[in-house]
Amino acid sequence: MIDIDRRSLILGALAASLTFNARAADSSMPDHTMPDMGRDMDKVHWMGNEEIAMLVYDGMTVMDLIGPHCMFGSMMGAKIHIVAKTLEPVTSDAGLIVVPTATFETCPKDLTVLFAPGGTDGTLAAASDEQTLAFFADRGARAKYVTSVCSGSLILGAAGLLKGYKATSHWCCRDALAGFGAIPTDERVVRDRNRITGAGVTAGLDFGLMMVAEMRDKVYAECAQLMGEYDPHPPFNAGSMKTAPADVKKAMIELVADFSRKADALAASSNLHS
């Protein structure tokens, strides 16, 4: 039985595109058969050796992890490390259990990508944990890209990795980033030098595609997007504070008010001790 995984399919798509473009350049073929795609597919970087460390911890929001992981997982040759303090399974805020593959000690020292997912109280606990912060400070000092999605940026901030950088987070705690010396920025994905942060939860998919394009090639990222059929048409237009109805915004602001206060307090405390 042939085992066809998603990475193989991505490679097949790229190879097919390369063949397609080569045929398009063949002047002996009829004009109507193959249009010129206008891309140099020979330059697509479809194999690599990236080392990617993705933090997991109890209480994280699993979509913050899985969205980027889905995109990172399309990169042939990349190695993804699911990292935690121990190899004990961790439970997300929705009850999904994730098993780490590396600890803070066994994770590679030199990383291509260091990544933190978000959550609520679990994130605040991680952002207050000395071992977690020491790991991020150490790996973040050498990583090519220091990244997060959603409130995971609180962990980066608490580790001292966002001082002087523009960054984003979930809307409910984005402003707290200022307490870590960051520059809160209301965008879905924010890049400032090698700090790349995504906004809330589903922004992890946009973040992941941007990272694939950064590390490989735009065409590679487009192939990953098509393989994932990432073409969102949500049934409602309430996905941001700019578009959600007033009553929905009021209800959600009240719901997360306690977490927002805690995030502000964490940032303030970090600033006092920095």
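**Exercise 1. Describe the largest pocket of this predicted model: its volume, its centre and its lining.**

Solution. 
- Step 1: The space in the largest pocket amounts to about 1,000 Å³, in a model that is predicted.
- Step 2: The lining comprises 36 residues, of which H170, W171, G200, G239 and S240 are the closest to the centre of the pocket.
- Step 3: Sorted by class, the lining of this pocket holds 15 nonpolar, 13 polar and eight charged residues.
- Step 4: Helices α8 (246-255) and α9 (257-273) each contribute at least two lining residues. The most comes from α8, which gives four residues.

**Exercise 2. Determine the order of the strands in the open sheet, and identify its edge strands.**

Solution. 
- Step 1: Seven strands form the open sheet, in the order β5-β2-β1-β6-β7-β11-β10, and their pairing is mixed.
- Step 2: β5 (102-103) and β10 (189-192) each pair on one side only and are the edge strands.
- Step 3: Within the sheet, β6 (residues 113-116) and β7 (residues 145-149) run parallel and are joined by four bridges. F115 has T147 in β7 as its bridge partner.

**Exercise 3. Characterise the packing of α6 with α7 by angle, axis distance and handedness, and list the residues in contact.**

Solution. 
- Step 1: Two packed helices are described by the angle between their axes and the distance between the axes.
- Step 2: For α6 (residues 203-215) and α7 (residues 218-227), the angle is about 145° and the axes lie 7 Å apart.
- Step 3: The crossing of α6 past α7 is right-handed.
- Step 4: From α6, L209, V212 and A213 meet K218, Y220, A221, A224 and Q225 of α7. The residues of this contact comprise six nonpolar, one polar and one charged.

Note on methods
Residues numbered from 1 in each chain as written. Predicted model: local features only at pLDDT ≥ 70, side-chain atom pairs only at ≥ 80, totals over all residues. Heavy atoms only, no water. 1 Å grid on protein atoms, 1.4 Å probe; cavity = no way out; pocket = protein on both sides within 12 Å on 5 of 7 lines; lining within 4 Å. Points joined across faces, edges and corners; volume = space filled by probe spheres on them. Nonpolar A, V, L, I, M, F, W, Y, C, P; charged D, E, K, R; others polar. Axes fitted to C-alpha atoms, helices over the stretch in contact; angles between N-to-C directions. Left-handed = near helix turned anticlockwise from the far one by under 90°. Contact = heavy atoms within 4.5 Å. Pairing = 2+ DSSP bridges.
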